[in-house]
Amino acid sequence: MPRKIPMRRCVATGESLPKKELLRIVRTPEGRLMVDLSGRANGHGAYLKKDSEAVALAKKNGALKKALGVDIPDSFYDEILKAI
């Protein structure tokens with residue numbers, strides 16, 4: 001029987017995609033934001049499609065702010081783009 005592929009929803013586009021095709025953004029218990037490349041960091045996570053258009057859309061409509069409950073500085077969006 002084939003293995004089940006974990007699916008997650010992109011907060012910007014609303015697409016359900018395999019977890020490997022998404023980037024996890026985490027708000028740690030201390031309130032710090034970070035890009036979680038391992039996918040296992042402790043904290044509240046939100047997924048973004050690995051696409052510059054999805055990052056721009058998330059910035060425009062405030063999808064990450066809503067999903068994580070914290071203000072997202074513009075410099076953090078640059079960090080996300082570097083990780084892609």
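Tutor: Residues 24 or more positions apart account for 46% of the contacts in the chain with a separation of 6 or more, where contact means heavy atoms within 4.5 Å. The model is predicted: local features need pLDDT of at least 70, side-chain atom pairs count only at pLDDT 80 or more, and totals for chains, interfaces and linings use all residues. Residues are numbered from 1 along each chain as its sequence is written, and side-chain values use heavy atoms, without hydrogens and water.

Student: What makes the chain as compact as a globular protein of its length?

Tutor: The chain has three helices and five strands (DSSP runs: H or I of at least four residues for helices, E of at least two for strands, numbered from the N terminus). Its radius of gyration, taken over C-alpha atoms, is 12 Å, close to the 12 Å that the globule rule gives for 84 residues, so the chain is as compact as a globular protein of that length. That rule is 2.2 Å times the number of residues to the power 0.38.

Student: Why is Thr28 called buried?

Tutor: Buried means under 20% relative accessible area (1.4 Å probe, protein chains only). Thr28 has 7% relative accessibility and therefore counts as buried. Thr28 lies in the loop between β3 (22-27) and β4 (33-36). Beyond its neighbours within four places in sequence, Thr28 is in contact with Met34, Asn42 and Gly43.

Conventions
Buried means under 20% relative accessible area, exposed over 50%, partly exposed in between (1.4 Å probe, protein chains only).
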